[in-house]
Amino acid sequence: MADLKTVASFTDAMSAHITAGMLTDNGIPAGVFGENSSYVCLNSVNPIEVKVNPEDYEAAMALLKEMAEQNPEEADIQ
């Protein structure tokens with residue numbers, strides 16, 4: 001199995017899930033990792049990450065860049 005690549009990181013799970021859903025809706029399978037802490041303040045130290053397969057990384061980054069240009073406050077793109 002290939003290592004997944006991080007395309008965005010967040011301090012809140014909802015934003016991460018919205019981003020993963022947007023990627024998935026555009027044909028790029030994406031997953032959310034790191035949201036299992038019951039201590040929300042830990043997410044600032046260990047952010048919640050959206051990851052994709054290595055072969056989808058460039059397409060995901062292009063789509064996220066396009067979305068960030070439209071909504072610059074939404075994501076912390078890698």
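1. Ground rules. Residue numbers start from 1 along each chain as its sequence is written, and side-chain values use heavy atoms, with hydrogens and water left out. As this is a predicted model, local features need pLDDT of at least 70 and side-chain atom pairs count only at pLDDT 80 or more, while totals for chains, interfaces and linings use all residues.

2. Overall layout. The protein chain has 2 helices and 4 strands (DSSP runs: H or I of at least four residues, E of at least two, numbered from the N terminus). Along the sequence they follow β-α-β-β-α-β. Of the 78 residues, 29% are buried (under 20% relative accessible area, 1.4 Å probe, protein chains only).

3. The helix pair. The axes of H1 (residues 13–25) and H2 (residues 57–70) come within 11 Å, crossing at roughly 120 degrees (lines fitted to C-alpha atoms over the stretch in contact; angles run from 0 to 180 degrees between N-to-C directions).

4. Who touches whom. H1 brings Thr19, Met22 and Leu23 to the contact, and H2 brings Ala60, Leu63, Leu64 and Met67 (contact: heavy atoms within 4.5 Å).

5. Strand S1. Residues 5–10 form S1, which is mostly covered, with 5 of its 6 residues buried. S1 pairs with S3 (residues 48–52) in the antiparallel sense over 5 bridges (pairing needs at least two DSSP bridges). Ala8 has Val50 in S3 as its bridge partner.

Terms used:
Buried means under 20% relative accessible area, exposed over 50%, partly exposed in between (1.4 Å probe, protein chains only).
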